[in-house]
Amino acid sequence: MTDRYAVFGHPIHHSKSPFIHSAFAQQTGQDLTYTAIDAPAETFTTAVRAFFAEGGKGANVTVPHKEAALALADDATPRAQEAGAANTLLFTADGAIYADNTDGVGLIRDLTNRWGLSLEGKRILLLGAGGAAKGILAPLIAARPRAITVANRTAARAEALTTAFAPLAVRFDVTLTTLPWAQLVHREATPPFDLVLNATSASLAGSTPPLSRALWAPDAVAYDLMYGASPTPFLIAAQQQGAARAIDGLGMLVEQAAESFWLWRSVRPETEPVYRALRAQLAASAAR
Ligand code: NAP
């Protein structure tokens, strides 16, 4: 029998996940279907439970339900618990819902395997303190950079994030601090950053966090978790200010999906062909 999977979100019609998982299934010979289900907050939990009651085997969860996904699970991986959010659900044979968060590992694999970057000993600026920032902070710390500085429009959320992850940072000998949002534009106090990660959703609104030339080290990489047919406002601004490389989050999207696929099917798909196909689709849509 064909196994059923789905992604839940709101809105969800632009999701690339059905394409990605169908491509993985075809590539690895797995018999499954994967659909997108639009569920507003009021019906999310009921919709997930109904999907599993009707035989669904697993699901991805995206904005705005990642925290609710963790809350409805019976058990969760340590990385989902650390993130306080889940993007992957697995319906186990004994009827329980198990939650995972594959966003962080997806980002690290994209940075290191696809783009050949090493994070060890580097200075990282993390912009944002929402669900995505929370999901990637633990694996970023575990990659042993020298320092991670968190800046967020709402300062209290950045403070809360660094407080929550302080014990982990101590364990990995990483200096974890915050920086006031307003100081991003006139920053000269500490050494510049090797990697600036935009984990805000500012690009969705066509805007960019405030940035200054002084933020960028000579070989600095700008990485926007968001992706699109053309460079995001953050990546454009970063390059204008001297970032050596500008990378969007399409690779992270494919890598986090591959990790979900692995959890569900115990098979690791090859991500590069799917990444290339998606990049070509985006380029074609930009040319139209
Ligand atoms: P979220 O929980 O809603 O958090 C949004 C974050 O963006 C908060 O830090 C918020 O700051 C900040 N923000 C929103 N609008 C802003 C603006 N105009 N200027 C400055 N900061 C702004 O969202 P999320 O789940 O963390 O997602 C963040 C981004 O990551 C989204 O673009 C999402 O698509 C992307 N993402 C990509 C992947 C991938 O696989 N590539 C995976 C996960 C997420 P405040 O706290 O001040 O509101």
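The structure is a predicted model, in which local features need pLDDT of at least 70 and side-chain atom pairs count only at pLDDT 80 or more, while totals for chains, interfaces and linings use all residues. Residues are numbered from 1 along each chain as its sequence is written, and side-chain values use heavy atoms, with hydrogens and water left out.

**The ligand**

The ligand is surrounded by 22 residues, of which the closest are Ala132, Asn152, Thr154, Arg157 and Leu225; a residue belongs to these surroundings if one of its heavy atoms lies within 4 Å of the molecule. By class, this shell holds 9 nonpolar, 9 polar and 4 charged residues, where Ala, Val, Leu, Ile, Met, Phe, Trp, Tyr, Cys and Pro count as nonpolar, Asp, Glu, Lys and Arg as charged, and the others, Gly among them, as polar. The table lists pairs of atoms between protein and ligand.

| Residue | Protein atom | Ligand atom | Distance |
|---|---|---|---|
| Ala132 | backbone N or O | oxygen | 2.7 Å |
| Thr154 | polar side-chain atom | oxygen | 2.5 Å |
| Leu225 | polar backbone atom | nitrogen | 2.8 Å |

Of the 930 Å² of accessible area that the ligand has on its own, the protein covers 80%, with areas taken from the Shrake-Rupley method with a 1.4 Å probe. Helix 6 (131-142) and helix 9 (250-265) are the elements that give two or more residues to the shell; helices here are DSSP runs of H or I with at least four residues, and strands are runs of E with at least two, numbered from the N terminus.

Arg265 is found in helix 9 and counts as buried because its relative accessibility is 17%, the classes being buried under 20%, exposed over 50% and partly exposed in between, with a 1.4 Å probe and protein chains only. Its side chain makes polar contacts (N or O atoms within 3.5 Å, one able to donate a hydrogen and the other to accept it; residues adjacent in sequence count only if both atoms are side-chain atoms) with the side chains of Asp3 at 2.8 Å and Tyr5 at 2.9 Å. Ser266 lies in the loop between helix 9 and helix 10 (272-287), is exposed at 57%, and has a positive phi of about 60 degrees although it is not a glycine.

**Other backbone features**

Arg144, in the loop between helix 6 and strand 8 (147-151), likewise has a positive phi, near 55 degrees. Cis peptide bonds, with omega about 5 degrees, join His10 to Pro11 and Val63 to Pro64.
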